[in-house]
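Let's go through this protein together, one question at a time. Keep the 3D view open and find each spot as it comes up.

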Amino acid sequence: MAGAIVDPYNGVVDFSIESASGERSFFTENSWRIEPAFTEVFTFDMYEGIANAVELPDQILIARSMARKFFGEGNAVGKTLFTQPDNTAWTVGGVYNDFPLNSQIENRIYFPIRAEENLQNWGNWNYLYYVRVDNPEHVATLGDNFKRIFETTIKTEQLTWDLSFKVLLTPLKEIHFSKNILYDPLPKTSYQTLLVLLAIAIAIILIAVINFTNFSTSLTPVRIKSINTQKILGAGQRTLQWILVSEAVAISLVAFLLSIGLVFFISKTDFTTLLSADVLLSAHPGILGLTALISILTGIGAGIYPSFYATSFSPALVLKGNFGLTPKGKTLRNTLIGFQFIASFILIIASLVMFLQNRYMQNSPLGYDKEEMIVAQLNDVLNTNWNTLENQLKSYAGIADITRAEMLLSSSDKYMGWGENYEGQEIEFQCLPVDPSFLQVVGIDIVEGRDFRKGDEQTAKGVFIFNEEARDKYKLEIGKKIRDGEIIGFIPNIKLPLSVQM
């Protein structure tokens, strides 16, 4: 059994690498800070070095693809990275083979967490904790074990198990589909979305099968004389049926190969930047095999009825020129066409609904001015030299004003969650640290109180501006304090739970 803490929130690191000639190259990569036991919870397939190198405070792990990018094909272990802006030196202690792109444990630079970090700060929720059990049956007892340790070593008058904690262990394979979990930055999706997409795919396949069947059936009057002539010349009915089904399967396979070619072409274009999945065919042999099987089954399903139908007529009847579609054949065709139209209309209506939803999300009022605004990500160097950058940008005639925030406005449903005491009640809210000019630059009005101003950032605990929903929910008042920070104003209910200046 093993367990390890992970800090997933400081996920981007800027750093430089110095060449033998003294020239520095700068990079930005995703990163996690981990406890050394993390490499025991998850298996790191090491290319060189050792997985437990992060036991040392200045050692890091990097992916093999990163090692090639930073240092070429040579040995990367022992090389040095300098994180910015403090120019802290880190030594590469191990290089692991790249994880699959669909893995939750992604290709990152893994830094060690200091053992004493937030050691007694029980109100900090910045971490995830992974546990690897030696027996699945032990999962049920882990919560009781945690509670026993808590009661004997951690419990205080202010911090009790029943009021503060609830241990919920989520199996790794279910994390991607988990819901209603606060402060979990790992990417999520829902079974409902997958089921909807699967239903759409099945409907499209059924429409294709029905269309193919109708097309093949409609050709029966054209092919019937040829089929029955072969019967007179000695061809067996089963043989003719097999030939017709084989033709349908062949057509379906040709369509499958054309689709594979189209996917291959797309994988070589910039369209892949819009996707979060690897579209290389070699990365999904299982899906490739499954779609090939679906193609064969589609051909069989579309060809089996026309083959039986076209070979069911008497040769004498056809050769006399008295052939015509039977009432049963017409009824079946009309039924299939009716089902095809119903399925098509359902897909069209669903597509229009999704289009309207997307248009609403893109064009609905956000409560602030998003027009003529450019957003850029600041690295640590620019953030440290913010005043210089601000003055330089303001010198350009095309820039009216500039501001910054710790996180991108409206980029998430959750930002930095705080739980504080206000007038004897526990309140919870989302927090977004911003510059004093932020509300003015983005066009957010103050409905009560005042805006941020220069000097607010110099106060010990900062000042707060809440939205109207928070004001009404918690009965907040101008001049009252939360964690020694004064409430100075309120804004409308924009697409943001809270704005705060620290």
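Q: How many aromatic pairs does the count come to?
A: Heads-up: this is a predicted model, where local features need pLDDT of at least 70, side-chain atom pairs count only at pLDDT 80 or more, and totals for chains, interfaces and linings use all residues. Residues are numbered from 1 along each chain as its sequence is written, and side-chain values use heavy atoms, with hydrogens and water left out. Rings of Phe, Tyr and Trp (its six-membered ring) pair if their centres lie within 6.5 Å; planes under 30 degrees apart are stacked, over 60 edge-to-face, and the rest tilted. Go by that rule and you get 22 aromatic pairs.

Q: Phe 38 and Tyr 130 form an aromatic pair: which kind?
A: Their ring centres are 6.0 Å apart. The planes make an angle of 75 degrees, and over 60 counts as edge-to-face, so this pair is edge-to-face.

Q: How many residues apart in sequence are the parts that Phe 38 and Tyr 130 tie together?
A: Helices (H or I, at least four residues) and strands (E, at least two) are DSSP runs, numbered from the N terminus. Phe 38 belongs to helix α1 (residues 38–41), while Tyr 130 is in strand β9 (residues 128–132). The pair therefore joins parts separated by 92 residues.

Q: Trp 90 and Phe 111 form another pair: which strands does it link?
A: This pair is edge-to-face, at 4.9 Å centre to centre and 80 degrees between the planes. The two residues are 21 apart in the chain, with Trp 90 in strand β7 (residues 88–96) and Phe 111 in strand β8 (residues 109–112). So Trp 90, at 15% relative accessibility, is buried, and so is Phe 111, at 7%. The strands linked are β7 and β8.

Q: Arg 24 lies over the face of which ring?
A: A charge sits over a ring if NZ of Lys or CZ of Arg is within 6 Å of the ring centre and within 35 degrees of the ring normal. Arg 471 does this with Phe 490, its charged end 5.5 Å from the ring centre. For Arg 24, the distance is 4.3 Å and the ring is that of Phe 82.

Q: Within what arc do the buried residues of helix α12 fall?
A: In α12 (residues 386–394), Trp 386, Leu 389 and Glu 390 are buried. They line one face of the helix, because, seen down its axis, they fall within a limited arc, 100 degrees.

Q: Which exposed residues are on the face of α12 turned away from its buried side?
A: The buried side has Trp 386, Leu 389 and Glu 390. On the face turned away from it, the exposed residues are Asn 387, Thr 388 and Asn 391.

Q: Where is Glu 423 found?
A: Glu 423 isn't a glycine, yet its phi is positive, at about 50 degrees. At 55% relative accessibility, it counts as exposed. Its place is the loop between β10 (416–422) and β11 (425–431).

Q: What is the relative accessible area of Lys 475?
A: Lys 475 is another non-glycine with a positive phi, about 60 degrees. It is found in the loop between α14 (468–474) and β14 (481–482). Lys 475 is exposed, with a relative accessible area of 61%.

Technical notes. Buried < 20%, exposed > 50% of the residue type's maximum accessible area, 1.4 Å probe, protein only. Arc of directions from axis to C-beta.
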